[in-house]
Amino acid sequence: MTAVSKERLMVSPELAALFGQAQHHDRAGRLDEAERLCRVILRRLPNETAVLHLLGVILCRTGRLVEGAEMLSGVAAAQPGNVAALRALGDAFHALGHLADSVIAYQRILFLQPGDADAHLRLGLSRQGMGELAGAIAAFRMAAALAPGNADIRVTLGMALEAAGDKAAALAAYADAIRRDADNAAAFLGLGNVLTDQARRAEAKAAYGRALHLHPEWPDALTNLGLVLQAEGQLEQALALHRRAAALAPDAANVHVNLGTALQLAGQGAAAVESYRRAVALAPADATYLSNLGQALAEQGKIDEALAVHARAADLAPDNGVVRFNQALAWLLAGDDTRGWPAYGWRWRGGVEDLVDRGFTVPEWQGEDLTGRTLLVHAEQGLGDTLQFARFLARLPAGDAKAGRVVLEVQPPLLALLRSGLTGVSVMEVTARGRPLPAFDMHVPLMSLPAVLGVRTAEDLTAPAPYLAADPDRVRAWRGRVTAGTLNVGLAWSGNPAHRADRLRSIPLADLASPLAAMSDMALWPVQTDRRQGDEETLAALGMADIALDGFTDTAALLAALDLVITVDTAVAHLAGALGRPVWLLLPFAPDWRWRLDSQDTPWYPATRLFRQERQGDWAPVIQQVVTALRTRHAEGRAA
């Protein structure tokens, strides 16, 4: 709070001495004694502005803001030119949340002293609190111009520019602050934040590192550096920073949330739940924290508690897309298709960050009659999602000019396969994303079809027969290459490394393939097109052919020629399932929502068998189950 003016009482030496003592106690932090003396004086001189001013400031400092603001208002009315009283009054209004009144107080100061940098700064803070970012930025710029040596004002300006979305200007403001004060930790933190937003991670790490060098135990800097390392996959280092931040700021809910997220990514789900519980205890009205807790509980198989937590979050934030989408995923994981599929639409309303509305001017199809109309069905998320949800195309009421016309837009890698391989589907045209679209009257995202078509039960998910067929000529060619008289098994061990849960769902090739390659009467075929570092050497060491696959069309033909596919949760599982091939799918302890909980089968693909982790991160028992099942299959085959 701003200091009061150094006015003296001239009425009597006794009162002047008392006021001097009150000022001395105020400066020494003995506010109770300073207040007592002020009140003694005011019993004799009830309208003495200097005493009222000091007492008003003391009241504000001790949390009695309403009484203090009332007293300071009287001082400012009696002495319109009292800048110190106006500043204290503005601060009191700001603390009370009466931001419009605080703006008026600071503007009165600037009418008297246009060059008052501090008043411009405070005016900006009040305008920022009111959501008037443009006015706040203008005030901060003026304050910075009037105080050329003040780096902190430039940090405040940078934060406002960042909030306004002007990252380039924010970057310049932080850099300007650093030029004026090379030891300003807040400037380096802000610089790191903007660099992170611009995906300039190496520079961001350097900025955060400098902030921590200047302020080694700063939870914000520890957390933000941890988030950058987390994004780079350096989870152990990130976890160490998040844990340090949580130890330093045990009552900071956001710090515990960030720790929880890192623990989830590292496969430490039970610990993540506890971190989220701590965050929720600290901020019980924060719907996003509750939603994170619900998500983590669901991943631990505690689905009933998860659903209850999601319900609380949705009650607090009924229009929050992330909260409502996480609730939808929990319903689907629990097998509640009746509520899950309609709620899955929240992915387009903020639930999935990367999904951007296509901006089509035609309406979204809600199941209306398609007679004489053209419907665009457009793929939206991953390649596996498109392969999985293509089953619903056969249920569209189309097929001729009278019934309506369907255009399917898919990701370019799937174009050839879906253009020629869809069976029982009345799609008249398949095109690739990015190519010009024909005219259409309505549109629907592919993954909205379950909701529109009224999917309500597990039986509604099942395709009655394979809905994808491989090219016959390519299948014959692959059958000519596979090993005759033995069990030919396709193997997929890793998915997209950019996937959030890839660390949990992928398995090192050597861990999965080595026990299988040691079995007799079986040939292993790598059926994923990408390779990770060391995969080629492992394939060679195990005697597996490192075959070249020409896209999804060729992969589909190979899968059709094999006896069995063993795969982690990636697009290969959906491709083989859509072809009706036998699939053994290896799932992490926290499975994706579509595989639900506990069961060894799935309504999505009747020929697929699920092998689930019993402990998070422990693949060895799962692989042993696969080996045992293969031996049983061999024995049954010989007996037959």
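Q: Let's begin with strands: which residue in β9 does L587 stand opposite?
A: Strands of a sheet pair through backbone hydrogen bonds, either parallel or antiparallel. Keep in mind that this is a predicted model. Here L587 stands opposite R612 of β9. Strand β8 (residues 583-587) and β9 run parallel and are joined by five bridges.

Q: What is the strand order of the open sheet with five strands?
A: Read across, the order is β6-β5-β7-β8-β9, and the pairing is parallel. Strands β6 (522-526) and β9 (608-612) stand at the edges with a single partner strand each, so one side of each has no neighbour in the sheet. On average, neighbouring strands in this sheet are turned by 20 degrees against each other, direction ignored.

Q: Which strands does helix α26 touch?
A: Helix α26 (residues 509-517) packs on the sheet and touches β5 (487-492), β6, β7 (564-568) and β8. The direction of α26 makes about 170 degrees with that of β5.

Q: On to aromatics. How many aromatic pairs does a search of the whole structure find?
A: A pair of aromatic rings is described by the distance of the centres and the angle of the planes. The search turns up 13 aromatic pairs. One of them is F325 with Y344, a tilted pair at 5.4 Å centre to centre with 45 degrees between the planes.

Q: Why does the pair of F325 and Y344 tie together parts of the sequence?
A: F325 sits in helix α19 (residues 321-333), while Y344 is in the loop between α20 (337-343) and β1 (374-378), so the pair ties together parts 19 residues apart in sequence. Both F325 and Y344 are buried. Ring pairs link F325, W341, Y344, F389, F392, W593 and W604 into a cluster.

Q: Where does R349 lie, and what about R391?
A: R349 lies over the face of W346, 4.1 Å from the ring centre. R391 lies over the face of Y605, at 4.8 Å from the ring centre.

Q: Last one: how many disulfides does a search of the whole structure find?
A: A disulfide is a covalent bond between the sulfur atoms of two cysteines. The search finds zero here. C38 is in no disulfide, and the nearest cysteine sulfur, that of C60, is 13 Å away.

Q: Are C38 and C60 buried or exposed?
A: C38 counts as buried because its relative accessibility is 0%. C60, at 7% relative accessibility, also counts as buried.

Note on methods:
Residues are numbered from 1 along each chain as its sequence is written. This is a predicted model: local features need pLDDT of at least 70, side-chain atom pairs count only at pLDDT 80 or more; totals for chains, interfaces and linings use all residues. Side-chain values use heavy atoms; hydrogens and water are left out. A disulfide is a pair of cysteine sulfur atoms within 2.5 Å. Buried means under 20% relative accessible area, exposed over 50%, partly exposed in between (1.4 Å probe, protein chains only). Rings of Phe, Tyr and Trp (its six-membered ring) pair if their centres lie within 6.5 Å; planes under 30 degrees apart count as stacked, over 60 as edge-to-face and the rest as tilted. Helices (H or I, at least four residues) and strands (E, at least two) are DSSP runs, numbered from the N terminus. A charge sits over a ring if NZ of Lys or CZ of Arg is within 6 Å of the ring centre and within 35 degrees of the ring normal. Two strands pair if DSSP finds at least two bridges between them. Axes are lines fitted to C-alpha atoms, for helices over the stretch in contact, and angles run from 0 to 180 degrees between N-to-C directions. Contact means heavy atoms within 4.5 Å.
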